[in-house]
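Okay, everyone, let's get going.

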Amino acid sequence: MVARKPANNTGFTPGAELAERRASAEGNPLTEAVTGTQRPEGSDDGLERIRAAARGRRTERFNNLFHHITVGLLRRAYQGLERKAAPGVDGRDWHEYGLNLEGNLQDLHERVHQGRYRPQPVKRVWIDKADGGQRPLGVTCIEDKILQQALVWVLEAIYEQDFLGFSYGFRPGRGPHNGLDALYMAITVKKVSFVLDADIQSYFDTVDRAWLRRFMEHRIADRRLLKLIEHTLNAGTMDDGHWQDSGRGIPQGAVLSPLLANIYLHYSFDLWAHRWRQRHARGEVYLVRYADDVVACFQYDDDAQAFRTALAERLARFALVLHPVKTRLLEFGRFAQRNRQRRGLGKPETFEFLGFTHVCARRLSDGKFTVRRYTIARRQRTKLKEIRRELMRDRFLPVAYQGQRLARIIRGMINYFGVPGNRRALDAFRTEICKSWYYALRRRSQKSMKLSWATMMKIIKRWIPSVRVVHPYPKDRLRV
């Protein structure tokens, strides 16, 4: 069983941060490869044996991984994909591929193992961001999705034994609320007075592929598997009919990309940050990382300043840059308000993480310090504007159809943002949607102008769910 220990030996580690010894993050490994991991086709025992070997031999490399990509594993990958996802550049969707599923999977398996398989370019689409800009997303071909999902399962068997406890993004059994809970506990329970909200500028677009391969070679000795990943990264993107590839970065939207992003940051950030807080910090330090979003909590200001400087130097070594505007060091914690008042300053600043604005506050029951988490206001306003436009566009569709769609939106908001203290923001969101729906329905026709608010209330009661808190307090969740 893996031993657990707290950061800086403080007695508490949010999210059970693992602190095992790891291989060096630089250079190429010199250890021998592990070869005895073969199992019959379609057997999950092979992946379980990889997990056990990776857990017990943390510095050794794995060969003979390619044979774990079986027709059975590809079939499982196909069945687990989103069935309504848009097709990639080949135009084939989930249903079309499944018309001759066994023949297609067998053909894919043969091409992969014979070295004839080549990934297709990722189709690039653009979505609007809350700040008025656009974010690129990638749509991968169905066959590439199937193979990449199989690759993810094989690689996760190894890397889930290596990843540290403060990494929460895109990992099995973990989600954003685990990271939010760990951050909440660190700030409210431990000696935290300063928070570094670090943002890596254009992370997915700037990953150095040469460094990524060197990082992966610490654990992977199977050249065929590494070559397949290299082909996937070099497949490029298709944007409005034009192929392009900058030679760096990880394609956003690809099934394999989140795991590769975690591997890159595991070696370039996680291992280094964990060693830094053990060797250089004089006070307590707590880390929470979700993909490329990092929040570091400090007891002392000089630790926070030194970490920020060292972090910028560390990331620059691996072609990464901290965003000059979005990266902020702020005074935040149970003593922040008192210390700032003593110096004649205003209220503590707030910071954003995983969709929530974090605010220093006091509990109504006893006046003790707590952290309030509210839905980021500008994102909520942007979402409301989008829904209003769609309601006016679709106002002539059946009321039941509109009601079902709005119910899904509100349930989604509740399921994610339904944390203690955020009910007022969710109630405001629900109220604005109901008003906008009423406005749209009254403009369906001249006759619809007679729709009364009393009748609208019946429609709302029929379709729109009430707001409720679905997530317990982090202390209660972690106590369980």
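This is a predicted model: local features need pLDDT of at least 70, side-chain atom pairs count only at pLDDT 80 or more; totals for chains, interfaces and linings use all residues.

Helix α2, residues 71-79, packs against helix α5, residues 142-159, at an angle of about 110°, and the two axes are 8 Å apart. Because anything from 65 to 115 degrees counts as roughly perpendicular, α2 is roughly perpendicular to α5. As for handedness, α2 and α5 make a right-handed crossing.

Now hold that picture and look at another pair, α13 at residues 377-393 and α15 at residues 423-441. Their axes cross at roughly 20° and come within 9 Å. That makes α13 roughly parallel to α15. The crossing of α13 and α15 is right-handed.

Helix α10 covers residues 257-279, so to speak a run of 23 residues, and from first C-alpha to last it reaches 32 Å, close to the 33 Å expected at 1.5 Å a residue. Where is the kink in α10 centred? On His 266, and the kink is about 50°.

On to the strands. A reminder for anyone who's been away from this for a while: strands of a sheet pair through backbone hydrogen bonds, either parallel or antiparallel.

Please find strand β5, residues 194-199. Is β5 largely enclosed, or largely open? Six of its six residues are buried, so β5 is largely enclosed by the rest of the structure. You can see that on both faces: Phe 194, Leu 196 and Ala 198 are buried on one side, and Val 195, Asp 197 and Asp 199 are buried on the other.

Who does β5 pair with? One partner is β9, residues 293-298, in the antiparallel sense over six bridges. Within that pairing, Asp 199 has Asp 293 of β9 as its bridge partner. Another partner is β10, residues 328-331, also antiparallel, joined to β5 by four bridges. There, Leu 196 is bridged to Leu 329 of β10.

There's also an open sheet of four strands, in the order β4-β3-β6-β7, with mixed pairing. At the edges sit β4 (134-139) and β7 (242-244), each pairing on one side only. On average, neighbouring strands in this sheet are turned by 40° against each other, ignoring direction. Inside the sheet, β3 (residues 122-128) and β6 (residues 237-239) run parallel and are joined by two bridges.

Last stop, the backbone. Most residues other than glycine have a negative phi. Here are two with a positive value. Ser 202 has phi near 45°, and its place is the loop between β5 and α7 (203-206). At 43% relative accessibility, Ser 202 counts as partly exposed. The other is Leu 354, with phi near 55°, in the loop between β11 (351-353) and β12 (356-362). Leu 354 has 13% relative accessibility, and because the cut-off for buried is under 20%, Leu 354 counts as buried.

That's my tour, thanks.

Conventions: Residues are numbered from 1 along each chain as its sequence is written. Side-chain values use heavy atoms; hydrogens and water are left out. Two strands pair if DSSP finds at least two bridges between them. Axes are lines fitted to C-alpha atoms, for helices over the stretch in contact, and angles run from 0 to 180 degrees between N-to-C directions. The expected span of a helix is 1.5 Å times one less than its number of residues. The bend at a residue is the angle between axes fitted to the seven residues ending there and the seven starting there. Buried means under 20% relative accessible area, exposed over 50%, partly exposed in between (1.4 Å probe, protein chains only). Angles under 35 degrees count as roughly parallel, over 145 as roughly antiparallel, 65 to 115 as roughly perpendicular and the rest as oblique. A crossing is left-handed if the near helix is turned anticlockwise from the far one by less than a right angle, and right-handed if clockwise.
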